[in-house]
Amino acid sequence: MRKVAKGFGLLAGWSGTPDFLDAERSFGTLLFAPDDAGEALGFGGTLRRGPVTHLGDLFVLPEHQSSGVGRTLPAELLCGNGPTVTFASSDPRAIALYVRYGLRPWTPLLYLTGPTAGLPTPPVRRTRAEDVAALDALASGGDRRATLAWYADLPGVTMYATDRGYAAVRQTGHNVMIGPAGGATPQHCADAVLGALATTEARTARIAVPGTHPLVPALLGAGWHIADMDTLMADVP
Ligand SMILES: CC(C)(COP(=O)(O)OP(=O)(O)OC[C@H]1O[C@@H](n2cnc3c(N)ncnc32)[C@H](O)[C@@H]1OP(=O)(O)O)[C@@H](O)C(=O)NCCC(=O)NCCS
């Protein structure tokens, strides 16, 4: 599965293992579609948070696309009872496939990148994964304290909090990756993210945010760029 993932550049932000495939294997479901020799033609992965299933990956090798491989995987991956959410790529086959499983496109998911300087600097304090787990469950729709603890233990990860928001920062080379982040309201999340950005010595950062989030005008107004875009899909609004 890592061979397929590498072909799509999915492991670029990970310096080694454990990586997000390990997280899906530990805290969700990771499946591959094999060829006759048992090699992966494609794979899919989910993460669970309480009742919510987040489909995190669905990738088929280019030479085997459009031959029915991708369509088989969600049938097994999305068999839970609770709500389902995913970030669909710009490949029209992805949105079409997820619509068949009851999901609908709600808003763009913007992958923003930009300078860490020149932004408001709300105060934050360092915190531990277990101290933000309840707020994270509220913001994300379900409890994922084991996944949060796993993430917080990775090299280069620091968690920050305000009174009603939190944000994780992960150092990846000269860059930092922000998230997961959340709060009692989207504005509380935005304050925690801005505070976390102010703590880092890295010059540039990356974050994925729904298009309707208050961070979008704040970051684009400060000169950030949209590096990529998915579509946030879910089966309940
Ligand atoms: C998206 C992806 C996982 C789908 O897997 P796949 O094996 O190629 O897809 P399948 O052959 O199982 O099914 C594709 C379906 O999309 C339909 N489709 C193709 N183009 C379409 C379009 N423009 N609009 C609507 N439906 C379309 C096909 O008709 C087919 O349905 P059918 O089998 O009932 O005819 C795969 O193409 C892929 O890896 N793409 C690149 C990576 C990517 O973007 N992954 C999605 C991450 S969210």
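The following dialogue concerns how to read several features of a predicted model.

Trainee: Which conventions apply to the model before any feature is read?

Mentor: This is a predicted model, in which local features need pLDDT of at least 70 and side-chain atom pairs count only at pLDDT 80 or more, while totals for chains, interfaces and linings use all residues. Residues are numbered from 1 along each chain as its sequence is written.

Trainee: How many helices and strands are in the chain?

Mentor: Helices (H or I, at least four residues) and strands (E, at least two) are DSSP runs, numbered from the N terminus. On that basis the chain has 8 helices and 11 strands.

Trainee: What does the radius of gyration say about the chain?

Mentor: The radius of gyration is taken over C-alpha atoms, and the globule rule is 2.2 Å times the number of residues to the power 0.38. For 237 residues, a compact globule would have a value near 18 Å; the chain has 18 Å, which agrees. Along the principal axes, the C-alpha atoms fill a box of roughly 55 × 35 × 30 Å.

Trainee: What percentage of the residues count as buried, and what percentage of the contacts join residues at least 24 apart?

Mentor: A residue is buried if 20 or more other C-beta atoms lie within 10 Å of its own, exposed if 12 or fewer, and partly exposed in between, with C-beta atoms placed from the backbone. Of the 237 residues, 35% count as buried. Two residues are in contact if their C-beta atoms, placed from the backbone, lie within 7 Å. Among contacts between residues at least 6 apart in sequence, 65% join residues at least 24 apart.

Trainee: At what angle do the axes of helix α2 and helix α6 cross?

Mentor: Axes are lines fitted to C-alpha atoms, for helices over the stretch in contact, and angles run from 0 to 180 degrees between N-to-C directions. Angles under 35 degrees count as roughly parallel, over 145 as roughly antiparallel, 65 to 115 as roughly perpendicular and the rest as oblique. The axes of α2 (residues 20-27) and α6 (residues 145-152) cross at roughly 155 degrees and come within 11 Å. The two helices are therefore roughly antiparallel to each other.

Trainee: Is this crossing left-handed or right-handed, and which residues meet?

Mentor: A crossing is left-handed if the near helix is turned anticlockwise from the far one by less than a right angle, and right-handed if clockwise. The crossing of α2 and α6 is right-handed. From α2, Ala 23, Ser 26 and Phe 27 meet Ala 146, Thr 147 and Trp 150 of α6. The residues of this contact divide into 4 nonpolar, 2 polar and no charged. In this division, Ala, Val, Leu, Ile, Met, Phe, Trp, Tyr, Cys and Pro count as nonpolar, Asp, Glu, Lys and Arg as charged, and the others, Gly among them, as polar.

Trainee: At what angle do α5 and α6 pack?

Mentor: Helix α5 (residues 129-140) packs with α6 at an angle of about 140 degrees, and their axes are 9 Å apart. The pair is therefore oblique, and the crossing is right-handed. Ala 129, Glu 130, Ala 133 and Asp 136 of α5 make the contact with Arg 145, Leu 148, Ala 149 and Ala 152 of α6. These residues divide into 5 nonpolar, no polar and 3 charged.

Trainee: Where are the cis peptide bonds that join Thr 17 to Pro 18 and Gly 179 to Pro 180?

Mentor: Most residues other than glycine have a negative phi, and most peptide bonds are trans. The bond joining Thr 17 and Pro 18 is cis, with omega about 0 degrees, and Pro 18 is in the loop between α1 (2-7) and α2. The bond joining Gly 179 and Pro 180 is also cis, with omega about 5 degrees.

Trainee: What is the phi of Ser 66?

Mentor: Ser 66 has a positive phi of about 60 degrees although it is not a glycine. Ser 66 is in the loop between β3 (52-60) and α3 (69-77), and is exposed, with 10 other C-beta atoms within 10 Å.
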